[in-house]
Amino acid sequence: MNMFYDVAKFLVNIFLSIYYKFDIRGKENIPKGVPLIISSNHIHWADPVIVACRTGKRHISFLGKRELFKNKIFSWVLHKLTVIPVRRGEADVNAIKSALRVLKNGKVLGIFPEGTRVKEGVERDPQSGLVVLALKSKCDVIPVGLRGNYKFRSTIHINVGEPISLKEYYGVKNDKEKLKEISLMIMERIKELAKG
């Protein structure tokens, strides 16, 4: 049990309830007690906080860009919140090992497949890291679509989809074209959910 995470989540949820309104659908699609990967579109800096606080009771360990860890105090907080630092744009072996350890321990991993924030309406190909981790861990992917303007008292729409199983692809780990195809398939589902 991570008491720091629980207290932080409780306090942040109070702030979120004051600042935003929420329309949340599909929370029942997140199973209990099994390892899984939650994957959503990323349009605002608050997205990881919103997904972690508003999709249920399970702790989510997100992958976060290493630049966020430069400040010692903020780095300490992020580590307490089980955020995994990752070097963007390269194969970060340490981040991959840490992510797989989360899943091996039966926990939940959070990933933004596009690798960075992407404004609504802007097209960006997803990276294959999500699929690589899902195939290595043999975990289902829970797609989540987010929509909103993130202004004070505006509504943030959170649409949680049904689990995506990649069982039929377990033998294609080193096929770059197939990894890209699967990544695009998951991203399309996320976009559909974001539209509502």
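**Cysteines, charges and a covered helix**

Modeller: The structure holds zero disulfides, a disulfide being a pair of cysteine sulfur atoms within 2.5 Å. Before you ask more: this is a predicted model, where local features need pLDDT of at least 70 and side-chain atom pairs count only at pLDDT 80 or more, while totals for chains, interfaces and linings use all residues. Residues are numbered from 1 along each chain as its sequence is written, and side-chain values use heavy atoms, with hydrogens and water left out.

Biologist: Is Cys139 buried or exposed?

Modeller: Buried means under 20% relative accessible area, exposed over 50%, and partly exposed in between (1.4 Å probe, protein chains only). Cys139 comes out at 4%, and Cys53 at 11% is on that side of the cut-off too. So Cys139 counts as buried.

Biologist: How many salt bridges does a search of the whole structure find?

Modeller: Side chains of opposite charge can pair when their charged atoms come close. The criterion is a side-chain nitrogen of Lys or Arg within 4 Å of a carboxyl oxygen of Asp or Glu. Over the whole structure, the search finds six.

Biologist: In the salt bridge of Asp92 and Arg87, what is the N to O distance?

Modeller: Asp92 is buried at 5% relative accessibility, whereas Arg87 is partly exposed at 37%. Their side chains still meet in a salt bridge, with N to O at 4.0 Å.

Biologist: Which residues are linked with Glu123 in a network of salt bridges?

Modeller: Glu123 is exposed, at 64% relative accessibility. Glu123 forms a salt bridge with Lys191, the closest N and O atoms being 2.7 Å apart. That pair links distant parts of the chain, 68 residues apart: Glu123 is in the loop between β5 (108-111) and α5 (129-137), and Lys191 is in helix α6 (residues 176-195); helices (H or I, at least four residues) and strands (E, at least two) are DSSP runs, numbered from the N terminus. The residues networked with Glu123 are Glu188 and Lys191.

Biologist: Why is helix α2 largely enclosed, and which elements are among its cover?

Modeller: Six of the eight residues of α2 (residues 47-54) are buried, so the helix is largely enclosed by the rest of the structure. Among those buried are Asp47, Ile50 and Arg54. The cover on the buried residues includes α1 (3-19), β1 (21-25), β2 (36-40), β3 (60-65), β6 (140-147) and β7 (155-160).

Technical notes: Contact = heavy atoms within 4.5 Å.
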